[in-house]
Amino acid sequence: VVGDLVIRLLPFLLLTLAACTDGSDTDDTDIGTDTDSDTVDENTVAAILAGDDRFSTLAYASEQAGYDVILASPGTFTVFAPTDEAFDDFLQALSLTDIDDLGPAGISTLLSYHALGAVRTSDDLPARAESLAGYTLFFADGDAPAVNAIPFAQSDIQASNGVIHVIDQVLFPTTLRYAAELSGHTAFADAIGEASSDTQLLIDDLDGNTDPITVFAPSNEALASVDTSGWSEADYDALLAYHTARGDLRASAFPATASTFATNAYGQDLSIVFPEDDDRVVNDADIDVVDIVALGGRLHLVDGVLTQPTVVDLAAYAGLTSLSSSLDAAGGGLATTLSLDAQAYTVFAPTNLAFLAVQDTLDGLSATELDAALATHAIAGSAPLTSADLTARSYTTLSGEAVSVTVDGGEREATFSVT
């Protein structure tokens, strides 16, 4: 379907976006061409397109963008070839006269989204692959092969340097919402449609976000466990905000934590956590599929719903197992306090190694004593204190004891005084 989606795509096509985005878990962008041969091959992808009247617009556009030279070179290409009628419909929807109106950058980006750097016949289609434009393409195989839900009009035209599949529509990069839908996470895509217009514009961005975002899309099964009856737009906004992180978070370089668009009662961005010992987990949800690249950002598919956390939750997500088990062993009093919204809490969380260093002492404490010892690591106030908020002074902890913070340049150190 063309229509409004294509019309809103025009600003994207007129920008220089041809640079590839790496980080995909596929290798279909590795062109591997060899231009040393002096032999003219009449059965290349470029030659077949140029010799078939159905693809005159595609052949002309390839020549204008220099893709005819690439597609005439030895290599391993898969090209999804729109017919002339497909281009006519596309240009009409954009109110353009001919393909030249897109400009060289627009033509280059458009064509590169129609190609893979590896041969993929109709019986060898992956669920998804990265196009030469860097954006993800989605496939259906079997008896009805398709790309981005567009059926192949003809499959497997064999060339000496690849394969061609004919399609009756022009492809263009998907939005994050449509990427979720094409990935089978339809409930999440539907949730975006129930959110406010601001949230929809953030995630379903056709022009490309100035600052990229990363979306974690729960499975249909995970979302089915959430009772959304009676939900308002604000409820959907809150759900989606915590599944949307700031920045381009590639699976190969997940940070320890990342800020989301969800905020606490004090206007601070809520964090999501990536455990050090597992690069395919966010909070307590497994990441099943990584690095789907769409307009405006990146999509990862997860098997659970991310719920807005308390500080106790974050400690567990961060792998602070000794702290979590000590909170349980202390009878849960402090854990209950830190899970309430009555006040804003700041916790100085000891690492597992720090606990190990004093484990013999902790083993000799009663539950009440352990609870009090842990309470010396938490302070309450009018707002949670970020590292930048901490100044060189003494703070009263929940146990009534003091924690002294010293500042040396950008480094901050907390010293606990227990009497």
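This is a predicted model: local features need pLDDT of at least 70, side-chain atom pairs count only at pLDDT 80 or more; totals for chains, interfaces and linings use all residues.
Residues are numbered from 1 along each chain as its sequence is written, and side-chain values use heavy atoms, with hydrogens and water left out.

Let's begin with the whole chain. Its secondary structure comes to 17 helices and 19 strands, where helices (H or I, at least four residues) and strands (E, at least two) are DSSP runs numbered from the N terminus. Of the 419 residues, 47% count as buried; buried here means under 20% relative accessible area, with exposed being over 50% and partly exposed in between (1.4 Å probe, protein chains only). If you look at the contacts with a separation of 6 or more, 66% of them come from residues 24 or more positions apart, a contact being heavy atoms within 4.5 Å.

Now for the interior. A nonpolar core is a set of buried Ala, Val, Leu, Ile, Met, Phe, Trp, Tyr and Cys residues joined through side-chain atoms within 4.5 Å. The largest one has 31 residues, and L49, F90, I99 and L102 touch the most other members. At least two residues of this core come from each of α2 (45–50), α3 (56–65), α4 (67–71), β1 (77–82), α5 (84–93), α6 (103–112), β6 (150–159) and β7 (162–167). Apart from it lies another core, of 23 residues, with I203, I213, L299 and V305 among them.

Helix α6 deserves a look of its own. It is mostly covered, with eight of its 10 residues buried: G103, G106, I107, S108, T109, L110, L111 and S112.

L111 turns up again when we go looking for holes, as part of the lining of the largest cavity. Rolling a probe the size of a water molecule over the atoms shows where empty space is left. On a 1 Å grid over the protein atoms alone, a cavity is a set of points where a 1.4 Å probe fits but cannot get out, and a pocket is an open set with protein on both sides within 12 Å along at least five of seven lines; lining residues have an atom within 4 Å of a point. Grid points are joined across faces, edges and corners, and a volume is the space filled by probe spheres set on the points. By this rule there are two cavities of 30 Å³ or more, and the largest has a volume of about 70 Å³. Its lining consists of L49, L58, S62, Y67, L71, V79, L111, H114 and A115, with α3 and α4 each supplying at least two residues. That makes seven nonpolar, two polar and no charged residues, counting Ala, Val, Leu, Ile, Met, Phe, Trp, Tyr, Cys and Pro as nonpolar, Asp, Glu, Lys and Arg as charged, and the others, Gly among them, as polar.

The largest pocket has a volume of about 1,700 Å³. Of its 49 lining residues, S271, T310, V311, L314 and V347 lie nearest its centre. Two or more lining residues come from each of β11 (269–273), α12 (311–317), α13 (321–329), α14 (333–338) and β15 (344–347). The lining as a whole divides into 30 nonpolar, 15 polar and four charged.

On to single residues. N161 is found in the loop between β6 and β7, and is buried with a relative accessible area of 2%. Its side chain reaches the backbone oxygen of S73 at 2.8 Å, a polar contact (a pair of N or O atoms within 3.5 Å; within protein, one must be able to donate a hydrogen and the other to accept it, and residues adjacent in sequence count only if both atoms are side-chain atoms).

The C-alpha atoms of T136 and V293 are separated by 5.2 Å, although the two are 157 residues apart along the chain.

Finally, I213, in strand β8 (residues 213–218), is buried with a relative accessible area of 1%. Its C-alpha atom and that of R246, 33 residues apart along the chain, are separated by 5.0 Å.
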